Amino acid sequence: MTRITLVQGDITRQTADAIVNAANSSLLGGGGVDGAIHRRGGPAILAECRKLRAGHLGKGLPTGQAVATTAGELDARWVIHTVGPVHSATEDRSALLASCYRESLKRADELGARTVAFPAVSTGIYGWPIDDGARIAVTTVQETDTTVEEVRFVLFDHHAYEAFARRLA
Ligand code: AR6
């Protein structure tokens, strides 16, 4: 059984086997969680991302997929980068957001990670409403068969924390 826990705070301050990054397809950095992870994790993460881009991810990481790198100076062994969908008012992209959580857990299983910290993927710059983002995150993790023992959602602000807490209640 996977335990789901909630923390309000900065995901780059967490101790976990793997920390998930809400990245973009380029894997070369950005704002939000992505910017914070590269800042605090140091250049080793970007160096590995560049190698992935020079190799099998030449066109970038597709939306809904996940790939692992070193965690650099973060207090974790791996960063799992996933690319959430940009929210759309006219097209249902929920399956892609669910896929981010599922694929990240697959990478975690392959690595043997037991604790994984997730941000609320797509709910920042990509505009996904937090209540629906929380619903998809919690339901998908609950429905995924994984050897991860703890999935920790790390929510930046009180509003996001409450959205996840309501879902878990
Ligand atoms: N720790 C935890 N949560 C955070 C942190 C942090 N340090 N910083 C922001 N959040 P976002 P997205 C919350 O924008 O929506 C980047 O430029 C934030 O409040 O990081 O998937 C990438 O390169 C929100 O609830 O990711 C992409 O281009 C959630 O984390 C794009 O943004 C996700 O917000 C991805 O956008």
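Which elements cover the buried residues of helix 4? In this predicted model, in which local features need pLDDT of at least 70, side-chain atom pairs count only at pLDDT 80 or more, and totals for chains, interfaces and linings use all residues, the cover includes strand 1, helix 3, strand 6 and helix 5 (158–168). Residues are numbered from 1 along each chain as its sequence is written, and side-chain values use heavy atoms, with hydrogens and water left out.

Helices (H or I, at least four residues) and strands (E, at least two) are DSSP runs numbered from the N terminus, and two strands pair if DSSP finds at least two bridges between them. On this basis, 6 strands form an open sheet with mixed pairing, in the order 1-6-5-2-4-3. Strand 1 (3–8) and strand 3 (66–70) are the edge strands, each of which pairs on one side only. With direction ignored, neighbouring strands of the sheet are turned by 25° against each other on average. Strand 2 (residues 18–23) pairs with strand 5 (residues 115–118) in the parallel sense over 2 bridges, and Ile19 has Ala117 in strand 5 as its bridge partner.

Helix 4 (residues 130–143) lies across strand 1 and strand 6 (150–155) and runs at about 175° to strand 6, where axes are lines fitted to C-alpha atoms, for helices over the stretch in contact, and angles run from 0 to 180 degrees between N-to-C directions. Contact means heavy atoms within 4.5 Å. The buried residues of helix 4 are Ile130, Gly133, Ala134, Ile136, Ala137, Val138, Thr140 and Val141, buried meaning under 20% relative accessible area, exposed over 50%, and partly exposed in between (1.4 Å probe, protein chains only).

Helix 3 (residues 94–111) has 18 residues, which should span 26 Å at 1.5 Å a residue, and its end C-alpha atoms are 26 Å apart, which agrees; the expected span is 1.5 Å times one less than the number of residues. Among the buried residues of helix 3 are Leu97, Tyr101, Leu105 and Ala108, and the buried residues of this helix pack against strand 2, strand 3, strand 4, strand 5, helix 4 and strand 6. Just after helix 3, Gly112 takes a positive phi of about 80°.

Helix 1 (residues 32–41) packs with helix 2 (residues 43–54) at an angle of about 115°, and their axes are 6 Å apart. At this contact, Ile37, His38 and Gly41 in helix 1 meet Pro43, Ile45, Leu46 and Cys49 in helix 2. Helix 1 also lies across strand 2 and strand 4 (78–83), running at about 130° to strand 2. Its buried residues are Asp34, Gly35, Ala36, Ile37, His38 and Gly41, and what covers them includes strand 2, helix 2 and strand 4. Just after helix 1, Gly42 takes a positive phi of about 85°.

In soluble globular proteins, nonpolar side chains tend to be buried together. A nonpolar core is here a set of buried Ala, Val, Leu, Ile, Met, Phe, Trp, Tyr and Cys residues joined through side-chain atoms within 4.5 Å. The largest such core has 32 residues, and those with the most contacts inside it are Tyr101, Val116, Phe118, Phe153 and Phe164. Apart from this core lies another, of 19 residues, among them Ala16, Ile45, Val67 and Ala71.
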